[in-house]
Amino acid sequence: MEEALVGRLEAAVSRLEAINARAQPSAVPHDLAYHESAAQDPAILAFDELVADAVGRLSAAAGKIGAEVAEVTNVLEKAFLVGKVLLVRTKQTQKPTVESMAVFMGPLNETVLEANTLAEGTRSNHANHLKAAAGSLAALAWIGYTGKGCGMPLPIAHVEESWQMAEFYSNKVLVEYKNKDPDHVEWAKALKELYVPNLRDYVKRFYPLGPVWQPPGSVANKAPSAPCPPSASLCSSSATSSQPKSGMSAVFAEISSGKPVTQGLRKVTNDMKSKNRTDRTGVVATEGKEPRNVSAPSSTKGPAPAKLELQMGRKWVVEHHIGNKGLTIEDCDTKQSVYVYGCKDCVLQVKGKVNNITIDKCNKMGVLFKGVVAACEVVNCNSVEVQCEGLVPTISIDNTSGCQLYLSKESLETSITTAKSSEINALVPDVNSEGDWTEHSLPQQFIHAFNDGQFITTPVCHSGA
């Protein structure tokens with residue numbers, strides 16, 4: 001009997017050792033294998049082509065101009081190379097938290113700061129070149145996109161918005177040198193083509209929803225640790241090690257100890273057997289134990305902190321304010337955007353012209369602004385009021401219930417786009433009475449009729465008594 005047991009244990013040990021040998025990691029260094037896989041990644045190869053082609057043309061144009069333009073273009077090229085490194089890292093890095101994202105994006109932020117240092121406070125003849133190049137680098141921040149709640153629009157929209165901020169200075173270069181020096185015109189056009197359409201189309205093709213991070217618990221993300229020493233023989237005596245055995249070693253040691261197999265089991269008495277129980281509920285009562293009150297775990301996560309701050313010198317973020325009627329943004333310019341998220345029963349006043357304003361997931365929110373360069377967007381909101389004192393080219397309202405638009409005389413030609421929204425009213429100055437408003441309700445019901453081979457859409461008109 002004992003000889004048969006020993007034989008079975010030896011066979012089991014042999015099988016386990018064979019499995020352990022097959023499970024050993026490859027001898028190829030992890031970093032080497034990682035870089036080889038990155039070199040074959042279509043997204044990384046396409047980014048290399050983008051840098052070689054679009055950035056290469058920009059660098060060639062900057063070489064003809066020289067001076068500070070060539071210097072800031074070199075910093076821009078460095079930022080794109082840093083962006084490539086970050087894209088490579090995302091493929092074996094878990095999605096960073098808000099705290100760790102600053103560390104992850106640190107190399108790129110340092111390069112952007114270097115470009116901003118060249119552009120700020122300079123009295124150079126090429127100041128518009130420097131500001132256009134430095135401002136455009138904000139487009140690379142899409143690499144840090146982690147999801148809808150990160151305070152950043154989708155990568156494609158972020159690239160377009162960032163370029164709109166930099167295009168203000170790029171257009172100045174085009175106007176200034178249009179009939180003076182074609183090299184400067186070539187540089188400005190190459191800068192625009194780098195972002196729109198090249199970088200935008202690249203993001204649209206490979207990362208429309210942001211970088212692909214490693215899933216939680218992935219081994220590739222964990223820092224390499226020291227290799228574990230080879231385990232002792234499964235059948236070795238406990239005297240050879242001072243550490244307690246665990247896992248399969250403990251199982252085999254327990255079997256080979258000679259103790260009765262059923263030593264630690266409790267005896268089932270007659271009253272515990274189902275056939276002898278009277279209630280037949282299937283629940284076995286235990287003596288000496290009191291029932292525990294199991295309550296659902298209470299959530300310890302408190303409300304998100306309120307925020308009103310300027311991020312990276314480009315975006316004003318206003319988040320999670322409740323009942324604050326005195327929110328104000330004063331020191332702003334046309335290079336900056338405003339993003340309002342998760343506010344309730346508040347009033348925000350923007351005392352200056354900005355590039356664009358986005359109001360997202362707000363309830364009973366009022367926003368008053370001087371004017372915008374691009375557009376004002378209202379998304380996923382309830383009962384909001386928006387008033388423009390100056391010019392706004394476009395107003396977009398999406399998935400919103402209840403929105404009052406107050407348009408000034410300068411913004412009467414604005415284009416208003418609505419989708420999946422209801423109770424939208426536009427108020428314009430009354431031509432017959434100074435200081436009064438005339439309210440116009442925007443249609444939310446439409447009739448689609450097929451006529452002459454195509455559908456004709458007209459708003460529903462209600463006739464009253």
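User: Where is Val431 found?

Analyst: Val431 sits in the loop between strand S13 (422-429) and strand S14 (437-441). Strands here are DSSP runs of E with at least two residues, helices are runs of H or I with at least four, and both are numbered from the N terminus. This is a predicted model, where local features need pLDDT of at least 70, side-chain atom pairs count only at pLDDT 80 or more, and totals for chains, interfaces and linings use all residues. Residues are numbered from 1 along each chain as its sequence is written, and side-chain values use heavy atoms, with hydrogens and water left out.

User: Why is Val431 called exposed?

Analyst: Exposed means over 50% relative accessible area, buried means under 20%, and partly exposed lies in between, using a 1.4 Å probe and protein chains only. Val431 has a relative accessible area of 77%, so it counts as exposed. The C-alpha atoms of Val431 and Lys409 are 10.0 Å apart, while 22 residues separate the two along the chain.

User: What makes His158 buried?

Analyst: The relative accessible area of His158 is 9%, so this residue falls in the buried class. His158 belongs to helix H8 (residues 155-177). Apart from its neighbours within four places in sequence, His158 is in contact (heavy atoms within 4.5 Å) with Ala138, Ala139, Ala141, Trp142, Met152 and Pro153.

User: And why does Met312 count as partly exposed?

Analyst: Met312 has 49% relative accessibility, so it is placed in the partly exposed class. You will find Met312 in the loop between S1 and strand S2 (315-319).

User: What is the phi of Met312?

Analyst: Met312 has a positive phi of about 55°, although it is not a glycine. Most residues other than glycine have a negative phi. Asp452 also has a positive phi, near 55°, and is a residue other than glycine. Asp452 lies in the loop between strand S15 (446-451) and strand S16 (454-459). With a relative accessible area of 73%, Asp452 is exposed.

User: Why is H6 called roughly antiparallel to H7?

Analyst: Helix H6 (residues 106-119) and helix H7 (residues 127-136) pack at an angle of about 160°, with their axes 8 Å apart. That angle makes H6 roughly antiparallel to H7. Angles under 35 degrees count as roughly parallel, over 145 as roughly antiparallel, 65 to 115 as roughly perpendicular and the rest as oblique. Axes are lines fitted to C-alpha atoms, for helices over the stretch in contact, and angles run from 0 to 180 degrees between N-to-C directions.

User: Which residues make the contact of H6 with H7?

Analyst: On H6 they are Ala115, Asn116, Leu118 and Ala119, and on H7 they are Leu130, Lys131 and Ala134. By class, five are nonpolar, one is polar and one is charged. Here Ala, Val, Leu, Ile, Met, Phe, Trp, Tyr, Cys and Pro count as nonpolar, Asp, Glu, Lys and Arg as charged, and the others, Gly among them, as polar.

User: What makes H7 roughly antiparallel to H8?

Analyst: H7 and H8 pack at an angle of about 160°, and their axes are 8 Å apart. H7 is therefore roughly antiparallel to H8. The contact of H7 with H8 has six nonpolar, six polar and three charged residues.
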